[in-house]
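Trainee: I have a model open and would like to talk it through with you. Can we go at it piece by piece?

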Amino acid sequence: RAPHHALARRGAPPAIVLLRNENQTLPLRAGQKVAVLGELPVEPQYQGGGSSHVNPTRLDIPLDELAAALGDHSISYAPGYGEGDAVQLRADAADAAAAADVTVVFVGLSEKDQAQGFDPITIVLPAEHVALIDAVAGRAGRTVVVLSNGGVVTLEPWHDRVDAIVEGWALGQAVGGALADVVSGAVNLSGRLIESIPH
């Protein structure tokens, strides 16, 4: 099992695409205070539905892998969206961002939103995800958005308000380790788009 997981971790990073990196935001560096926001770093979206469904032998959690790469003392976490009062969740996330050097916001699509057998009716991210980006962009010295999605999503209207955008797609069971490897600079971020992003 371990060799298979190691293969999954080596195979995932080349698919990750760096869409934006202003002000030398990435790679993240040891010693920086990093606020990790969103539900996806603790409950990662690593597959789609239908024929892309997999049964992982283990699952790397992005928040844990970032803490391992950068040091537990460097990482703070707030969900920003999900169960609970939406306004309070965003306020707590904004406070975490304001106390950090870099904010890493995880947003994307759920498994049920991307599967075989139907065409998506929109390429817009969930409203609560866009609201989180709006609430925290610019609160820290730098803002990174990490996307988890099986197909193209629009980056409007927020892309010019953040410093870096990482297109993480659906990376399989090694999602956490793969993302930690690329944003920390352990692996060169060299993927290329195979789809056009409109607007």
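Trainee: Leaving aside its neighbours within four places in sequence, which residues is D181 in contact with?

Mentor: D181 is in contact with R9, A186 and V187, with those sequence neighbours left aside, where contact means heavy atoms within 4.5 Å. Before we go on, keep in mind that this is a predicted model, in which local features need pLDDT of at least 70 and side-chain atom pairs count only at pLDDT 80 or more, while totals for chains, interfaces and linings use all residues. Residues are numbered from 1 along each chain as its sequence is written, and side-chain values use heavy atoms, with hydrogens and water left out.

Trainee: Where does D181 lie, and is D181 buried or exposed?

Mentor: D181 lies in helix α5, helices (H or I, at least four residues) and strands (E, at least two) being DSSP runs numbered from the N terminus. D181 counts as buried because its relative accessibility is 15%; buried means under 20% relative accessible area, exposed over 50%, and partly exposed in between, with a 1.4 Å probe and protein chains only.

Trainee: Stepping back, how many helices and strands does the chain have?

Mentor: The chain has five helices and six strands, and read along the sequence they follow the pattern α-β-β-α-β-α-β-α-β-β-α.

Trainee: And what is the radius of gyration of the chain?

Mentor: The chain has a radius of gyration of 16 Å, which agrees with the value near 16 Å that a compact globule of 199 residues would have; the radius is taken over C-alpha atoms, and the globule rule is 2.2 Å times the number of residues to the power 0.38. Along its principal axes the C-alpha trace spans about 40 × 40 × 30 Å, and 48% of the 199 residues count as buried. Among contacts between residues at least 6 apart in sequence, 77% join residues at least 24 apart.

Trainee: Let's turn to α2. Which of its residues are buried?

Mentor: The buried residues of α2 are P62, L63, E65, L66, A67 and L70, and they pack against α1 (2-11), β2 (34-37), β3 (75-78), β4 (102-108) and α5 (175-183). After α2 comes G71, whose phi is positive, near 105°.

Trainee: Take L63 from that list. What does L63 touch, residues up to four places away in sequence not counted?

Mentor: With those residues not counted, L63 touches V36, P41, V42, I75 and Y77. L63 has its place in helix α2, which covers residues 62-70, and L63 counts as buried because its relative accessibility is 14%.

Trainee: What about N23, where is it and what is its phi?

Mentor: N23 lies in the loop between β1 and β2, and its phi is near 60°, a positive value in a residue other than glycine. N23 counts as partly exposed, because its relative accessibility is 48%. Q24 is found in the loop between β1 and β2 as well, with a positive phi near 50°, and Q24 counts as exposed at 66% relative accessibility.
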